[in-house]
Amino acid sequence: MTKRNLIEIAYTYAKANVGKGEFSFKDAWGWVSKEADLSIDLKKELISQFYTDLLQDPRFVYAGQNKWLLRDYLTRKEQADLSNKLYDFEEITEDEKESKNAVQSIDSITEVEAEDDFSNGDEENPKHNKKPLEGFEEVDDEEIIPE
């Protein structure tokens with residue numbers, strides 16, 4: 001039994017028995033595993049791949065809350081509305097844009113302050129900006145790397 005056959009079973013069954021209605025993953029897996037007469041071991045092996053295939057197959061549309069639909073029965077507008085609902089696409093108002101810009105400005109200032117907090121030593125001499133790790137003494141590079 002190939003994974004393609006499992007998706008075909010799910011599609012054929014849903015089209016014939018559910019039509020425009022919703023169905024759950026559990027329903028689809030029930031139809032498929034029964035129709036394909038899968039053993040318990042094979043069910044365990046194939047369930048995650050079947051879920052992935054269901055997500056990737058363009059004939060199936062995830063409607064949220066573990067509900068699925070067949071794309072055949074949805075208009076383009078219904079598909080777009082569903083996508084907007086699922087992914088919470090909304091128009092951003094000018095006030096929201098200004099608010100987001102203000103937050104980004106604060107974040108960038110905070111990052112610069114955080115970098116300043118970690119600097120230590122002499123800014124003009126980078127060698128003095130490093131503290132040796134606790135328990136280790138500072139070693140000059142020339143002592144380690146022979147010329």
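Predicted model: local features only at pLDDT ≥ 70, side-chain atom pairs only at ≥ 80, totals over all residues.

Analyst: Helix 2, residues 25-35, packs on helix 3 with an angle of about 125° between them, and the two axes lie 11 Å apart. Angles over 145 degrees would count as roughly antiparallel and 65 to 115 as roughly perpendicular, so helix 2 is oblique to helix 3. As for handedness, the crossing of helix 2 past helix 3 is right-handed.

Which residues make the contact? From helix 2 come Phe25, Ala28, Trp29, Val32 and Ser33. Helix 3 answers with Lys43, Leu46, Ile47, Phe50, Tyr51 and Leu54. Sorted by class, that contact between helix 2 and helix 3 comes to nine nonpolar residues, one polar and one charged.

While we're on helix 3, have a look at Asp53. This residue sits in helix 3, which covers residues 40-56. Is Asp53 buried or exposed? With a relative accessible area of 9%, Asp53 falls under the 20% cut-off, so it counts as buried. Its side chain has a partner, too: a polar contact of 2.8 Å links it to the side chain of Gln49.

Now step back to the whole chain. There are six helices and two strands, and reading from the N terminus the order is α-α-α-β-β-α-α-α. Of the 147 residues, 22% count as buried. If you take contacts between residues at least 6 apart in sequence, 46% of them join residues at least 24 apart.

The loop between the strands deserves a stop as well. Strand 1 spans 60-64 and strand 2 spans 67-70, with Gln65 in the loop between them. Asn66 lies in that loop between strand 1 and strand 2 too. As background, most residues other than glycine have a negative phi. Gln65, though, has a positive phi, near 55°, and phi of Asn66 is positive as well, near 60°.

Asn66 has 36%, which lies between the 20% and 50% cut-offs, so Asn66 is partly exposed.

Notes: Residues numbered from 1 in each chain as written. Heavy atoms only, no water. Helix = DSSP H or I, 4+ residues; strand = E, 2+ residues; numbered from the N terminus. Buried < 20%, exposed > 50% of the residue type's maximum accessible area, 1.4 Å probe, protein only. Polar contact = N/O pair within 3.5 Å; in protein donor to acceptor, adjacent residues only side chain to side chain. Axes fitted to C-alpha atoms, helices over the stretch in contact; angles between N-to-C directions. Parallel < 35°, antiparallel > 145°, perpendicular 65-115°, else oblique. Left-handed = near helix turned anticlockwise from the far one by under 90°. Contact = heavy atoms within 4.5 Å. Nonpolar A, V, L, I, M, F, W, Y, C, P; charged D, E, K, R; others polar.
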